[in-house]
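Visitor: I would like to learn how to read salt bridges in a protein model. Could you take me through some examples?

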Amino acid sequence: MIFEVKNGSFAYDAQHPVLKDISFGIEKGKILSILGSNGIGKTTLLKCMLGFLQWDSGDTWFENKPRNQYKENEFWKKVAYVPQSHFQPFPCSVKDTVLMGRSAYLHLFSMPTKQDEQIAQEAMELCGITHIQDANINEISGGQMQLAYIARALCTKPEVMVLDEAETGLDYANQQIVLQLLKKLAKQNNLTVIFNTHYPDHALDIADKTLLLLQDKTAITGNTMDILTEENCKKTFGIDIHLLKCKIQGEVYHTLIPLRNKE
């Protein structure tokens, strides 16, 4: 396993636990989705496993070593994070925003090198945004902005990328662009991807494994098709769901259909 959480528990206060005894692992080049109802603790889980919040008990492990044994700069060269909200408080081009991803390799007050600029250019090409590299980051579409921040994360040359609701708020086409980019990065670039999402269909589409946060603050994890069953989804989201499998042009698709209330 390249990235693991072992028996992680967390509470903002003793009376209100958020996560109880969470354990999972993900292999290199695989995709893990994290699902659960609103307010269940998906973002909190990401913050705990990355070290923004400290586990009350349990540990995060990266490459068979506890997270707290890594120097911060060393860890962030290997693990990249793409948060939910993006806004630059000052005017900044897409290219300069992406180039900020090289900060883990730069000394204080040092300027990016030609190699840093080349890495940023390659990241933008991979994400398909070179044509907007001179645009103001706050004046592009939501989908383009999300791709820019993924490109910024890629500039660290990470082994693991963690994304907090990477596709939320985007239109249908841009959701698919982001999802297929993540799948490409995992399959072709051997990048490990961990993302939380509100959409079970997105997990069924690209995730090798899924972690489902339950109402009792524990979780179940395993192969996506084994976890996202009709029974598990009903327990999690409180609605009747039918798992539909179909084959179109030789490709097999799975989707979850919420069933209408007959009352």
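Guide: Let us start with one pair in this predicted model: lysine 78 forms a salt bridge with glutamate 159, and their closest N and O atoms are 3.6 Å apart. Lysine 78 belongs to helix H2, while glutamate 159 sits in the loop between helix H5 and strand E7, so that the pair links distant parts of the chain, 81 residues apart.

Visitor: Which distance decides that a pair counts as a salt bridge?

Guide: A side-chain nitrogen of Lys or Arg has to be within 4 Å of a carboxyl oxygen of Asp or Glu, and by this rule the count comes to 10 salt bridges.

Visitor: Is lysine 78 buried, partly exposed or exposed?

Guide: Buried means under 20% relative accessible area and exposed means over 50%. Lysine 78, at 23%, therefore counts as partly exposed, and glutamate 159, with 21%, is partly exposed too.

Visitor: Where do the partners lie in the salt bridge between lysine 157 and glutamate 122?

Guide: The closest N and O atoms of lysine 157 and glutamate 122 are 3.8 Å apart. Because lysine 157 lies in the loop between H5 and E7 and glutamate 122 in helix H4, this pair ties together parts that are 35 residues apart in sequence.

Visitor: How many residues apart are glutamate 231 and lysine 235?

Guide: They are 4 residues apart, about one turn of helix H9, in which both lie; their salt bridge has its closest N and O atoms 3.4 Å apart, and both residues are exposed. Elsewhere, salt bridges that share partners join Lys28, Glu63, Lys78 and Glu159 into one network.

Conventions
Residues numbered from 1 in each chain as written. Predicted model: local features only at pLDDT ≥ 70, side-chain atom pairs only at ≥ 80, totals over all residues. Heavy atoms only, no water. Helix = DSSP H or I, 4+ residues; strand = E, 2+ residues; numbered from the N terminus. Buried < 20%, exposed > 50% of the residue type's maximum accessible area, 1.4 Å probe, protein only.
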